[in-house]
Amino acid sequence: MDNLIHATAHDGFVRIIAAETTDLVNEAVQQHNTMPTASAAFGRMLTAGSLMGSMMKNPQDTITVQINGGGISGGVLVTGKSDGRVKGYIENPDADLPQNDAGKLNVSGIIGLDGKLTVIMDLGMKEPYVSSVPIYTGEIAEDLAYYYTVSEQTPSAVALGVLIETDGSVKKSGGFIIQMLPGAHEMIADILMFRLQEIPNLTTMLCDGNTIKEVLEFIFEDMGLKILEEKVPKLYCDCSQERVAKALLTIGEKDLQELYDDNKTEELVCHFCNTKYHFEHEDLGALLDEIRKNA
């Protein structure tokens, strides 16, 4: 079962957010029918969105992360909530390439390097906080670590992993964000860096039967690991017929009249969950009446 953990170590000077997201990512790649490399990129972003969203303080706060490097994947966008829920989409779910020189799925190849990673935090203010950094490697985890270092001045280690089976399903998925907080001794960072370089990668440890909590206990052995909170990260979408109808109203009376005059059923598909919404001739007429009533 998926699990998201908030923890600290070394007397609170190290902040840790970690999660296994296998079920969540499996559901998403099935919904979007993604090819293996697209599944890996999409899964990494969804995991990142869940981790980063869970760092938001208030239930209404959201964080949106988008990466677009000009590669064949197109843009990948995810939105996370404070309870660990996340939604997202990849523009080209068919994006796929041969494995890279290391024998791994070529995520950076489909993402590309000519673009930006953008983070948007909506904290209920008049304007959301928006920050962008150039894409660093296209592997997503390194790009997020670069974002935290440059935009938030918070030294961070980020790991994101998605292991894809030969049938295209997700065998294991997870990630963590480890951050050094103000006042932390440089030696702590050095020790952690050494440990992270020496241990197996995250999906290997999960495949070996370790829970995400056990992975953290292994990394932070003798460092005063303290589990603060556990959540269940989940895939969600808040679309509905009513929400899609409101979006349809924004095209304006003229374009909506043309759709009505065609006398055809109009189908709109949610980017986030691929749910299809149908608007019959009379539904379009009702929307036209609403526009004219409010004019």
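At 53% relative accessibility, Y136 counts as exposed, where exposed means over 50% relative accessible area, buried under 20% and partly exposed in between, with a 1.4 Å probe and protein chains only. Y146, at 29% relative accessibility, counts as partly exposed. The model is predicted, so local features need pLDDT of at least 70 and side-chain atom pairs count only at pLDDT 80 or more, while totals for chains, interfaces and linings use all residues. Residues are numbered from 1 along each chain as its sequence is written, and side-chain values use heavy atoms, with hydrogens and water left out.

These two tyrosines also meet each other. A search of the whole structure finds 3 aromatic pairs, a pair being rings of Phe, Tyr or Trp (its six-membered ring) with centres within 6.5 Å; planes under 30 degrees apart count as stacked, over 60 as edge-to-face and the rest as tilted. The ring centres of Y136 and Y146 are 5.0 Å apart and the planes stand at 10 degrees, so this pair is stacked. Because Y136 sits in the loop between β7 and α4 (141-151) and Y146 in helix α4, the pair ties together parts that are 10 residues apart in sequence. Helices (H or I, at least four residues) and strands (E, at least two) are DSSP runs, numbered from the N terminus.

Turning to the strands, an open sheet of 5 strands runs in the order β5-β4-β3-β6-β7, with antiparallel pairing; two strands pair if DSSP finds at least two bridges between them. The edges are held by β5 (86-90) and β7 (129-134), each with a single partner strand, so one side of each has no neighbour in the sheet. Strand β4 (residues 76-81) is joined to the antiparallel β5 by 5 bridges, and T79 has K87 of β5 as its bridge partner. Helix α2 (residues 36-53) packs on the sheet, touching β3 (62-68), β4, β5 and β6 (116-122), with contact meaning heavy atoms within 4.5 Å.

Key. Axes fitted to C-alpha atoms, helices over the stretch in contact; angles between N-to-C directions.
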